[in-house]
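Me: I have a model open and want to go through a few local details. Can you take my questions as they come?
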Amino acid sequence: DLGVDATPASVGTSGRTSVWHELELTNTSKVPWTTGAALVTRGPLPVSQNLLGYTSPGVTTRLPLTVAVDVTSKWEERETGREPRAFEAYGHALTKILKTGTLTVTNRRREPAAMRLSLAMGGRVETASDGGKVVLNEGRRDDWQEWPWWWWGTVANHSDVTWSLTLAPGETKALSVTFSFPTP
């Protein structure tokens with residue numbers, strides 16, 4: 001499996017996001033796997049070493065192996081509107097910013113690539129294309145590090161979006177979300 005994790009706040013100026021080869025592991029034992037180092041080998045040769053997180057019995061987890069240089073992704077966003085004075089919080093009138101974000105993924109491999117794509121972002125994702133699953137959460141201050149207000153994470157949502165798809169060799173897919181967030 002390949003995993004793409006895009007977090008708009010951490011995307012560089014090029015818009016590039018990282019794509020990783022990952023192992024999907026299910027704990028079929030009766031005891032949890034505790035957090036620790038995991039070494040992956042192919043025969044006698046090491047392939048990867050990473051941290052395997054705590055995994056309860058019956059739970060599936062993913063172990064990142066290495067960056068997948070043959071699959072590329074890019075995040076872009078553009079503003080689509082503003083609604084002045086749409087919110088009020090802590091005595092401040094806030095404007096609602098409306099945006100569209102696009103995560104574009106290209107499979108440069110010679111074989112199909114099964115992928116799980118995830119997008120974690122500050123703001124309220126309203127829609128996700130191509131069957132993307134949206135989970136809205138309470139705001140996280142980490143999403144708004146560039147803002148000086150201590151309360152920022154309490155007035156804006158955090159959204160997690162996931163897609164599962166397979167790209168044919170040479171195929172490019174653009175996945176989109178519409179989202180909004182408050183700003184002074």
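Reply: A term first: two strands pair if DSSP finds at least two bridges between them. Also, this is a predicted model.

Me: OK. What is the bridge partner of V125 in β12?
Reply: V125 is bridged to F179 in β12.

Me: How many bridges join β9 to β12?
Reply: There are 4 bridges between β9 and strand β12 (residues 172–183), and the two run antiparallel.

Me: What order do the strands of that sheet come in?
Reply: The order is β6-β7-β12-β9, an open sheet of 4 strands with antiparallel pairing. β6 and β9 are the edge strands, each pairing on one side only. On average, neighbouring strands in this sheet are turned by 20 degrees against each other, with direction ignored.

Me: Back to the rings. How many aromatic pairs are there?
Reply: The count is 1 aromatic pair. The rings belong to F179 and F181, with centres 6.4 Å apart and planes at 20 degrees, so the pair is stacked.

Me: Is F179 buried or exposed?
Reply: F179 is buried, at a relative accessible area of 3%. F181 counts as buried too, with 11% relative accessibility.

Me: What does K96 touch?
Reply: Leaving out residues up to four places away in sequence, K96 touches G81, R82, E83, A86, F87, S180 and F181. K96 itself lies in strand β7 (residues 92–107).

Me: Which side chain of opposite charge is nearest to K96?
Reply: That is E83, 4.4 Å away. K96 is buried yet has no salt bridge.

Me: Why doesn't E83 count as a salt bridge for K96?
Reply: A salt bridge needs a side-chain nitrogen of Lys or Arg within 4 Å of a carboxyl oxygen of Asp or Glu, and E83 is 4.4 Å from K96.

Me: New topic, backbone angles. What is the phi of R85?
Reply: R85 has a positive phi of about 55 degrees, although R85 is not a glycine. R85 is in strand β6 (residues 71–89).

Me: Is R85 buried or exposed?
Reply: R85 counts as exposed, with 68% relative accessibility.

Me: And what is the phi of D130?
Reply: D130 also is not a glycine and has a positive phi of about 55 degrees.

Me: Where is D130?
Reply: D130 sits in the loop between β9 (124–128) and β10 (133–137). With a relative accessible area of 45%, D130 is partly exposed.

Definitions and conventions:
Residues are numbered from 1 along each chain as its sequence is written. This is a predicted model: local features need pLDDT of at least 70, side-chain atom pairs count only at pLDDT 80 or more; totals for chains, interfaces and linings use all residues. Side-chain values use heavy atoms; hydrogens and water are left out. Rings of Phe, Tyr and Trp (its six-membered ring) pair if their centres lie within 6.5 Å; planes under 30 degrees apart count as stacked, over 60 as edge-to-face and the rest as tilted. Buried means under 20% relative accessible area, exposed over 50%, partly exposed in between (1.4 Å probe, protein chains only). Lys and Arg count as positive and Asp and Glu as negative; His and the chain ends are not counted. Contact means heavy atoms within 4.5 Å. Axes are lines fitted to C-alpha atoms, for helices over the stretch in contact, and angles run from 0 to 180 degrees between N-to-C directions.
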